[in-house]
Every structure is written in structure tokens, then in C-alpha cells.
Amino acid sequence: MGYSHRWTLQNGIESSLWDNFFRGAKEILDVAIESGIALEDSSQGPLIFFNGVKDCAHEDFVVTDGDVGFNFCKTAGKPYDTVVTAVLIHLKRSLGDAVSIDSRQLS
């Protein structure tokens with residue numbers, strides 16, 4: 001059993017929408033780290049890439065503008081799951097109908 005976040009990105013998303021997403025996602029990560037959530041943040045340029053730290057890590061969360069189609073991240077409900085959820089909400093607000101998101105407990 002595990003907790004999984006899934007999202008599907010369409011092709012042809014405007015670069016200005018990606019720029020807005022990346023800027024806001026980086027702010028979310030910075031605030032999470034400042035708030036004491038243990039994150040390994042390897043985000044650079046047009047890549048959002050992070051995970052929890054040590055025992056609080058599970059699967060990497062990765063979003064980049066070239067990664068269209070189906071994507072997923074299993075977090076096992078570890079503390080960084082809150083940050084994954086916040087970034088996905090921001091992704092939906094930034095890209096609108098160009099992304100679909102689903103999160104659920106899998107058995």
C-alpha cells in the first residue's frame with residue numbers, strides 16, 4: 001500500500017506559464033525548508049526536483065517543461081508529501097487545463 005500523486009501534462013504549454021510555475025514552485029520549496037521540513041532540493045532552471053531527507057525520503061518529485069505525458073511520485077505520506085501537494089496545487093493553478101492531477105492511497 002502507498003500514497004501516490006499522479007499528473008499528466010499536455011504538449012504545447014506556453015513558456016510564460018512554465019516560468020510562472022517554476023518561480024512559484026521554488027518559493028514553495030524555500031518556505032518549506034525555512035519552516036523546518038527536511039528537503040533535498042536539487043531544483044535548477046526549468047527543473048523542479050526534490051525529495052525528503054534520509055528516513056523522510058521516498059521517491060523524487062520531478063517536474064520539467066519537457067516532461068509531458070503521465071508522471072507520478074509516491075511519497076508514502078512522509079513529511080515532504082505536504083510540499084509535493086503544494087507544488088501540484090501550484091502546478092494546476094499555473095497551467096490550468098493543460099495538466100490533470102490525481103492523488104490517492106493505493107492498495
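Helices, at least four residues long, and strands, at least two, are DSSP runs numbered from the N terminus. In this predicted model, helix H1 covers residues 15-34 and helix H2 covers residues 81-95. Gly36, with a positive phi near 100°, follows H1.

**Packing of H1 and H2**
- Two packed helices are described by the angle between their axes and the distance between the axes.
- For H1 and H2, the angle is about 160° and the axes lie 9 Å apart.
- Angles over 145 degrees count as roughly antiparallel, so H1 is roughly antiparallel to H2.
- The crossing of H1 past H2 is right-handed.
- On the H1 side, the contact is made by Leu17, Trp18, Asn20, Phe21, Gly24, Ala25, Ile28, Leu29 and Ala32.
- On the H2 side, these residues meet Val83, Ala86, Val87, His90, Leu91, Ser94 and Leu95.
- By class, the contact of H1 with H2 has twelve nonpolar residues, four polar and no charged.

**Helix H1**
- The 20 residues of H1 should span 28 Å at 1.5 Å a residue, and the 29 Å between its end C-alpha atoms agrees with this.
- Buried residues in H1 are Trp18, Phe21, Phe22, Gly24, Ala25, Leu29 and Ala32.

**Helix H2**
- The 15 residues of H2 should span 21 Å at 1.5 Å a residue, and its end C-alpha atoms are 21 Å apart, which agrees.
- Buried residues in H2 are Asp81, Val83, Val84, Val87, Leu88, His90, Leu91, Ser94 and Leu95.
- Elements covering the buried residues of H2 include H1, E1, E2, E3, E4 and strand E6 (99-106).
- Gly96, with a positive phi near 60°, follows H2.

**Loop between E3 and E4**
- Lys54 sits in the loop that runs between E3 and E4.
- A relative accessible area over 50% counts as exposed; Lys54, at 74%, is therefore exposed.
- Lys54 and Leu39 are 15 residues apart along the chain, and their C-alpha atoms are separated by 9.4 Å.

How values were computed:
Residues are numbered from 1 along each chain as its sequence is written. This is a predicted model: local features need pLDDT of at least 70, side-chain atom pairs count only at pLDDT 80 or more; totals for chains, interfaces and linings use all residues. Side-chain values use heavy atoms; hydrogens and water are left out. Axes are lines fitted to C-alpha atoms, for helices over the stretch in contact, and angles run from 0 to 180 degrees between N-to-C directions. Angles under 35 degrees count as roughly parallel, over 145 as roughly antiparallel, 65 to 115 as roughly perpendicular and the rest as oblique. A crossing is left-handed if the near helix is turned anticlockwise from the far one by less than a right angle, and right-handed if clockwise. Contact means heavy atoms within 4.5 Å. Ala, Val, Leu, Ile, Met, Phe, Trp, Tyr, Cys and Pro count as nonpolar, Asp, Glu, Lys and Arg as charged, and the others, Gly among them, as polar. The expected span of a helix is 1.5 Å times one less than its number of residues. Buried means under 20% relative accessible area, exposed over 50%, partly exposed in between (1.4 Å probe, protein chains only).
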